[in-house]
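Subject: Structure for your review

Dear colleague,

Please find below the structure I mentioned, with its sequence. A summary of the findings follows it.

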Amino acid sequence: MQKEEDRIFEERLARHHDELRWLYMELYENDDMFAELCSQMKRYYDARNKELKKLDQQRAAQGEWYRKRDMLGMMMYIDNFAGNIKGVQEKLPYLEKCNVNYIHLMPFLDSPKGRSDGGYAVADFRKVKPELGTMDDLAELAAKCHEKGISLCMDFVMNHTSEDHEWAVKARQGDGEYMSRYFFYADPQIPQEYEKTVPQVFPTTAPGNFTWLPELGHYVMTTFYPYQWDLNYRNPRVFNEMMYNFLYLANQGMDIIRIDAVPYIWKELGTNCRNLPQVHTIVRMMRMIGEIVCPGIVLLGEVVMEPDKVAPYFGTVEKPECHMLYNVTTMATTWNTVATRDIRLLRKQMDIVCALPREYTFLNYLRCHDDIGWGLDYETLSQWGMKEVPHKKYLNDYFQGKTEGSVSRGELYNDDPVTGDARFCGTTASMCGIESAGFEQNEEKMKWAVRKDLMLHAYMFTQSGIPMLYSGDEVGQVNDYTYKEDPEKAADSRYIHRGKFCWDLAEKITDKESVQGRIFCGLNQLEAIRRRENVFDADAEVYTKDYSDQSILWVVRKSHGEELHAVFNFSDEGKDVWMPEEAEYTDLLTGKTAKFQKTYLAGWDFMWMKR
């Protein structure tokens, strides 16, 4: 048996060895370190358990297993959802009821309280936060998920470590070996040179890209927060050790590894330190290392840019990089469309995504753990009379409920009174009006809010790629303002949409008269249709249709000789919608088939018509 396993490894290594070595030597010119990497890959392969190796082989034979149309993700904080990892395991039957087969566990690795950046300042890549459980608990959860056909996703923070990480602690003590794993400069001129070309990520809350350490007499590069020290990937020891961490976590049973802040990984003086060619070399090497040791693993890249700028991180057909990427821009533009009742920018961006190769897989979502940054295409918007600063103010006023007619509720994040720039925080339900309708106890407004919520989810399901729910959205969970009572959270308004999951709401999902039941059952129906219908295949032809009304978004999906017309009304007014021609259409929501050319679409409603 061992000989057969050795043969499999040698075959995989041989397939990638020459390219991997060429890329490694291009960056590092270090034969010894490359030899160490290869021997460690074999070690992690040998340590991978039989069930995971069996899953690797099944997925390799199946090919692109993550692109099936039944894939549905949900992201959650372990503590908010179920207290700890064992709690998540106990709640798997509920997640099965939600039709979820892909769980993204938000950062759970050990990080210092008060300086964790929501878990993205990792102090130990091989230790779970004690209050959440242990690595053994994680491996057991993964095994239980695999028994149920559920995949687990986790964040892998490659760009930086916490200042409490073992390497950082030794570097702070003046150990040169560990200082070389970060960017340390005693001469202030070098950080000043970097600052000339490197943008600031958080200009108001964490200005600059360096932090002065008086006890060491050095500056250290800290692109994000002062307690997150950027790793120096020019040092092959950093690359190797981080790849060993990656393989260790993969061996715990992780299926999807989300690479955090991908564009930032490589730094070069005189550049903006974003999207440099060496980043692609590193991601390509990571992809090959995964295919050699654990080919069942999928790499999900977090690249926060518009779709055509994101696309290079997929690599090429011959030299692939990430398997999946986030569709960040479409999320922000969707909410822009809600506020403006104008679909033109959303349609333009959908056209860009639809023009990309169909092999590209995007992760689509309405809301996530983070704020909404209004990084829209203002060059295009300005042509329609929407200037950047006043438009951002309009969006933030609208979603805070300050604009007449707005039903949304939420709060600003990183509000900069000088530039007028700010991001927005709130749950999907609160942004759709469920919170305000509930507060007013207005059943008519609640009907509209629920309809808007379901319409936006239907739009997300219509996009090409994998839909991702945010835990709580399936029951219409609204903003949680209690974060203001917690001193550790009060300064960060993102906690407004990071509240504890309300299990009392989940108990109402079978009551079809309740808000929770209406949303849960509505999503359930959409998910069932998506699983069943060929038009939702990943390789379907997708394009938008020109329509005279700027509040009507029309998306066409074609596959297996069938055609779906998905039409969405982003306005309060009901509209008569004219089909391309008089023909027989099947309403996928009701199952009824009829011949017609004109139909009525209520405000904030949608239709899925198949012919």
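**The hairpin of strands 21 and 22**

Strands 21 and 22 make up a hairpin in which 5 residues lie between the two strands, and in its turn Gly591 has a positive phi of about 85 degrees. Please bear in mind throughout that this is a predicted model.

A closed barrel is formed by 8 strands, which follow one another in the order 1-2-5-11-12-13-14-17 with parallel pairing. On average, and with direction ignored, neighbouring strands of this sheet are turned by 30 degrees against each other. Strand 1 (residues 73–76) and strand 17 (residues 466–470) run parallel and are joined by 3 bridges. Gly73 has Met468 in strand 17 as its bridge partner.

**The second largest pocket**

The volume of the second largest pocket comes to about 1000 Å³. It is lined by 38 residues, and those closest to its centre are Ser116, Gly118, Glu488, Lys489 and Tyr495. Two or more lining residues come from each of helix 4 (78–82) and strand 15 (411–416). Helix 4 gives the most, with 3 residues. By class, the lining of this pocket consists of 15 charged, 13 nonpolar and 10 polar residues.

**Cavities**

The structure contains 6 cavities of 30 Å³ or more. Of the 20 residues that line the largest cavity, Tyr470, Ser471, Gln477, His497 and Gly499 are nearest its centre. Strand 1 and helix 4 are the elements that give two or more residues to this lining. The lining of the largest cavity comprises 8 nonpolar, 8 polar and 4 charged residues.

The second largest cavity has a volume of about 50 Å³. Its lining is made up of Arg69, Asp70, Met71, Leu72, Asn99, Phe461, Pro467, Glu527, Arg530 and Arg531. Helix 22 (residues 515–532) gives the most to this lining, with 3 residues. In terms of class, 5 of the lining residues of the second largest cavity are charged, 4 are nonpolar and 1 is polar.

**Thr204**

One further residue may be of interest to you. Thr204 is located in the loop that connects helix 10 (189–197) with strand 8 (210–213). Thr204 counts as partly exposed because its relative accessibility is 38%, a value in between the limits of under 20% for buried and over 50% for exposed. If neighbours within four places in sequence are left aside, the contacts of Thr204 are Asn414 and Asp416. Although Thr204 and Asn414 are 210 residues apart along the chain, their C-alpha atoms are separated by 6.9 Å. Both contact partners of Thr204, Asn414 and Asp416, carry numbers that fall in strand 15 (411–416), one of the elements that give two or more residues to the lining of the second largest pocket.

Yours sincerely,

A colleague

Note on methods. Residues numbered from 1 in each chain as written. Predicted model: local features only at pLDDT ≥ 70, side-chain atom pairs only at ≥ 80, totals over all residues. Heavy atoms only, no water. Helix = DSSP H or I, 4+ residues; strand = E, 2+ residues; numbered from the N terminus. Buried < 20%, exposed > 50% of the residue type's maximum accessible area, 1.4 Å probe, protein only. Contact = heavy atoms within 4.5 Å. Pairing = 2+ DSSP bridges. 1 Å grid on protein atoms, 1.4 Å probe; cavity = no way out; pocket = protein on both sides within 12 Å on 5 of 7 lines; lining within 4 Å. Points joined across faces, edges and corners; volume = space filled by probe spheres on them. Nonpolar A, V, L, I, M, F, W, Y, C, P; charged D, E, K, R; others polar. Axes fitted to C-alpha atoms, helices over the stretch in contact; angles between N-to-C directions.
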